[in-house]
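The structure is shown first, and the points follow by topic.

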There are 2 protein chains.
Amino acid sequence: MDPREDEYRGQPGTLHMSEDLSETKCWALLSTQQTGRFGFLRDGAVHIYPVNYLVQDGAIYFRTRDDGDIGSALPLEGCAFQVDQVRSEAMAGWSVLANGTADVVRDEALLTELWGRSAEEPWAGGSRTTFVELQAGTISGRSVQAV
Amino acid sequence: MDPREDEYRGQPGTLHMSEDLSETKCWALLSTQQTGRFGFLRDGAVHIYPVNYLVQDGAIYFRTRDDGDIGSALPLEGCAFQVDQVRSEAMAGWSVLANGTADVVRDEALLTELWGRSAEEPWAGGSRTTFVELQAGTISGRSVQAV
């Protein structure tokens with residue numbers, strides 16, 4: 001028996017199934033959302049900001065200002081992109097975390113493609129004409145469900 | 001005139017008001033949500049996980065496993081706690097970022113208080129009996145609204 005089952009037995013609503021997600025499933029889930037969170041290290045502290053994003057060919061793209069907190073720190077290693085769908089009241093949902101390097105997109109053909117797909121404006125508005133590409137070296141995720 | 005207004009004039013739905021939030025407003029917003037994201041550096045990469053949390057006396061608390069990814073890395077400096085409420089389709093919402101140090105809560109009086117308030121189970125379920133305290137040295141936030 002799963003030791004957690006024993007521990008929580010008899011306490012309604014506190015029994016959970018937690019499942020590690022495959023890479024394929026992680027990418028599939030990433031493609032279902034519009035807004036994620038980009039995390040990076042700057043001046044010795046982790047910064048996290050919400051961004052609207054696109055997934056294409058195993059990379060994550062979002063727009064930012066070239067002189068903003070993210071833009072001026074590029075290129076970045078060891079940064080993170082996290083997306084979740086958490087239903088707190090149901091204690092269910094999933095979270096996916098991608099780690100890798102982020103840099104400005106300079107390839108013109110790719111930029112044309114990204115601008116064509118970029119129906120969603122950057123969440124924070126304003127002039128955000130720099131596309132950032134995050135190449136995910138690792139991706140992992142977990143889904144949680146109350147049973 | 002705000003230069004952004006000029007840039008986006010005539011493009012429906014792309015005109016935004018972005019506002020930096022005061023510390024007081026940031027704490028007030030933090031208290032309205034149940035789930036946030038904890039970000040920290042481990043093995044040279046930023047990790048971000050969703051957690052259910054409490055705010056008390058200018059600190060943020062959440063439960064974790066003592067042997068998990070977060071628990072075994074404590075104490076942590078330069079870590080982050082981020083909460084947002086983003087309505088992607090409306091291009092509106094807010095995001096708050098707190099930075100500081102995180103450590104295990106060992107004070108028994110405080111633990112009694114936290115367990116008393118901890119109506120919400122940890123999002124990921126399972127046995128998460130370690131309370132983590134994040135003392136926010138800095139807190140900042142932004143609200144965005146389409147106009």
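A:D69 and A:R42 are joined through their side chains by a salt bridge with an N to O distance of 3.2 Å; the term denotes a side-chain nitrogen of Lys or Arg within 4 Å of a carboxyl oxygen of Asp or Glu. A:D69 belongs to the loop between β4 (59–64) and β5 (76–87) of chain A and A:R42 to strand β2 (residues 35–42) of chain A, so the bridge ties together parts that are 27 residues apart in sequence. Helices (H or I, at least four residues) and strands (E, at least two) are DSSP runs, numbered from the N terminus.

The model is predicted: local features need pLDDT of at least 70, side-chain atom pairs count only at pLDDT 80 or more, and totals for chains, interfaces and linings use all residues. Residues are numbered from 1 along each chain as its sequence is written, chains are lettered from A and ligands numbered from 1 in the order in which they are written, and side-chain values use heavy atoms, with hydrogens and water left out.

**Salt bridges**

- Over all chains, the search of the whole structure finds 8 salt bridges.
- A:D69 is partly exposed at 28% relative accessibility, and A:R42 is partly exposed at 22%; buried means under 20% relative accessible area, exposed over 50%, and partly exposed in between (1.4 Å probe, protein chains only).
- A:R65 pairs with A:D67 in a salt bridge whose closest N and O atoms are 3.1 Å apart, and A:R65 is partly exposed with a relative accessible area of 34%.
- In chain B, the side chains of B:D20 and B:R142 form a salt bridge at 3.7 Å, N to O.
- Because B:D20 lies in strand β1 (residues 16–21) and B:R142 in strand β7 (residues 130–146) of chain B, this pair ties together parts that are 122 residues apart in sequence.
- B:D20 is exposed at 60% relative accessibility, whereas B:R142 is partly exposed at 32%.

**Helix α2 of chain A**

- In helix α2 (residues 23–30) of chain A, the buried residues are A:C26, A:W27, A:L29 and A:L30.
- These buried residues fall within an arc of 160° seen down the axis of α2(A), so they line one face of the helix; the arc is that of the directions from the helix axis to the C-beta atoms.
- Their packing partners in chain A are β1 (16–21), β3 (45–56), β4, β5, β6 (92–104) and β7 (130–146), where contact means heavy atoms within 4.5 Å.

**Cysteines**

- The search of the whole structure finds 0 disulfides over all chains, a disulfide being a pair of cysteine sulfur atoms within 2.5 Å.
- A:C26 is buried with a relative accessible area of 0%, and B:C26 is buried with a relative accessible area of 0%.
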